[in-house]
Amino acid sequence: MEYLIRFAQAHETFRRPEIQALATLAGVDVEFVSYDPFSPYALVKVQDERAARALIARSILAKDIIEIWGQGTTYDELHADVRRRTSDRWAAYNDVSFRFTVDSFASKRSQREKRDIIQSFAYLGFDGPIRMKDPDEDFWVLEEHTSDVEIARVAGAVSDQAQETTQAMRAGQLEKIYFGRWIASGSRDLVAKYDLKKRRYISTTSMDAELSLVTANMALAAPGKVFFDPFVGTGSFCVAAAHYGALTLGSDIDPRSFRGKEEMSNGKPMALMLNFQQYGLESRFLDAFTSDLTNTPLRDMQFLDGIVCDPPYGVREGLRVLGLRDGRKDEIIVDGVPAHLRPGYIAPKRPYGFEAMLRDILNFASRTLVVGGRLSMWMPTASDEDIELEIPTHPNLEVVSVCVQPFNNWSRRLITYSRLPEGVVAENKFIRQRQDNPNGVSANDLNAFRRKYFMKNSKKDAEIQDHAQEQQVHQ
């Protein structure tokens, strides 16, 4: 059957992959009949209403799913399609309470216009009571109008045909109309529940609630699964995975990130636990410990169902791993006590390469993920080819999806991988080109993204200064 998904107009490249991930989790076959990242509506085919509810129940980026009764570019076409598809079903809704909702994207309808639209469906013959609150059935009319964004997108094309199309378009023009029966809502209310502004313990690097929950969905977090964040920080991903029932644990190179600076010195329980206590998720938090992927105490075996992480990019500061710069392994003694046994101990660190970190994450995932387990990892990128990084690949990990969150002059990607069975090699179309200097010792040597990022921005700053000086000369 055909259903219409109504999306939030946010994180457009994440929406379809999230629905596909949820379909995998629910065991639902979903086919996208039509999808446009610039539109809030997507037509899909699923088996039945039960499957539709299962598909949408956990979605963070989808608002609703609606059973399609008809569609058209005009109301005449719409009514004809409704009669053709559903005339044999109208009698089943004669005596139930109902309401109609008119929703217009990129335009507005007056109350009188909405009333006229609703009256045009009088032929359905519904005789039950109209109930605006908690009706038995909720029927939706959804209009899609041409938006300014759509016009700008078409105008950006170079073909003459595209330019002619742009001239014929105008903002607010009615493009498509859908009519259907509302089935179920998504879970966008969770964004407010887990809002960082209400969180007890956060830092400047805490991932926002919406994308944390989406990341957990991409990685298929669910009851009975074990999830790990090797860059746990204040635990945003672990909290999101725990919400969906997964048992979670994490590690971080700096224990102050998850223990808290005060807790490090006075022996109090780790500050990270405050977030799990806030949401009643203590039983789903296993532990957090000081470690990095090159020095991990975790067993080298396939036992993790999911790995979710936002690795440090090393732009503000150079990347580090545990260890000494000169490679010494002598135990450090302070006042006769080994340093690592003293309260508030912070382990020493040495420089680390960005490409090496990505390679270590993928190798770690290959060794520890169960077959079908997923790694959802954030990674920086940019629209500028000079500083864009290729998507890293591994023969045992298949790239499932790549989503992009744009910023001003750079972006970051959420890359999701699935662990393949032994003997199966991934046919990834993405090829990673090594850019690190293997003999480097400085932060720039070891991080191509950092080096190119600062070079590019330094060039831009110089151009701005030159322009300002020219303006002063002219004045």
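S8, helix H9 (residues 236–243) and S9 make up a right-handed β-α-β unit. Right-handed means that, with the strands pointing away from the viewer, the path from the first strand over the helix to the second runs clockwise. Helices (H or I, at least four residues) and strands (E, at least two) are DSSP runs, numbered from the N terminus.

This is a predicted model, in which local features need pLDDT of at least 70, side-chain atom pairs count only at pLDDT 80 or more, and totals for chains, interfaces and linings use all residues. Residues are numbered from 1 along each chain as its sequence is written, and side-chain values use heavy atoms, with hydrogens and water left out.

**The unit and its helix**

Strand S8 spans residues 226–229 and runs parallel to S9, joined by 4 bridges. Two strands pair if DSSP finds at least two bridges between them. Phe227 has Thr248 as its bridge partner in S9.

How many residues of H9 are buried? The count is 7 of its 8 residues. Buried means under 20% relative accessible area, exposed over 50%, and partly exposed in between (1.4 Å probe, protein chains only). The buried residues of H9 are Ser236, Phe237, Cys238, Val239, Ala240, Ala241 and Ala242. They pack against helix H8 (209–218), S8, S9, helix H12 (272–278), strand S11 (304–309) and strand S16 (369–381). Just after H9 comes Gly245, with a positive phi of about 100°.

**Strand S9 and Thr248**

Strand S10 (residues 285–290) pairs with S9 in the parallel sense, over 5 bridges. Thr248 sits in strand S9. Phe285 is its bridge partner in S10. Further along, Asp252 stands opposite Thr290 in S10.

Why does Thr248 count as buried? Thr248 counts as buried because its relative accessible area is 1%. Contact means heavy atoms within 4.5 Å. Leaving out residues up to four places away in sequence, Thr248 touches Phe227, Cys238, Ala241, Ala242, Phe276, Arg284, Phe285, Leu286 and Asp287.

**The sheet around S9**

S9 belongs to an open sheet of 7 strands, in the order S10-S9-S8-S11-S16-S18-S17, with mixed pairing. Its edge strands are S10 and strand S17 (397–406), and each pairs on one side only. Neighbouring strands of this sheet are turned by 15° against each other on average, direction ignored. Axes are lines fitted to C-alpha atoms, for helices over the stretch in contact, and angles run from 0 to 180 degrees between N-to-C directions. H9 packs on the sheet, touching S8, S9, S11 and S16, and its direction makes about 175° with that of S9. Helix H13 (residues 354–368) also packs on the sheet, where it touches S8, S11, S16, S17 and strand S18 (411–419). The direction of H13 makes about 165° with that of S16.

**Another sheet**

An open sheet of 7 strands has the order S2-S3-S1-S4-S7-S6-S5, again with mixed pairing. Strand S2 (31–35) and strand S5 (98–105) are the edge strands, each pairing on one side only. Here neighbouring strands are turned by 35° against each other on average, direction ignored. Helix H3 (residues 75–86) packs on this sheet, touching strand S1 (2–7), strand S4 (62–72), strand S6 (137–145) and strand S7 (174–185). Its direction makes about 90° with that of S4.

| Pair | Sense | Bridges | Residues opposite each other |
|---|---|---|---|
| S2 and S3 (residues 41–45) | antiparallel | 4 bridges | Glu31 and Lys45 |
| S5 and S6 | parallel | 8 bridges | Asp103 and Leu142 |
| S6 and S7 | antiparallel | 7 bridges | Glu143 and Ile177 |

S6 has 9 of its 9 residues buried. Glu137, Phe139, Val141, Glu143 and His145 point one way from S6, while Asp138, Trp140, Leu142 and Glu144 point the other way. Helix H4 (residues 111–119) lies across S5 and S6, at about 125° to S5. S5, H4 and S6 make a left-handed β-α-β unit.

**The cavity**

A search of the whole structure finds 1 cavity of 30 Å³ or more. On a 1 Å grid over the protein atoms alone, a cavity is a set of points where a 1.4 Å probe fits but cannot get out, and lining residues have an atom within 4 Å of a point. Grid points are joined across faces, edges and corners, and a volume is the space filled by probe spheres set on the points. The largest cavity has a volume of about 50 Å³. Its lining includes Tyr194, Arg199, Ser236, Val239 and Ala240. H8 and H9 are the elements that give two or more residues to this lining.

Conventions
On a 1 Å grid over the protein atoms alone, a cavity is a set of points where a 1.4 Å probe fits but cannot get out, and a pocket is an open set with protein on both sides within 12 Å along at least five of seven lines; lining residues have an atom within 4 Å of a point.
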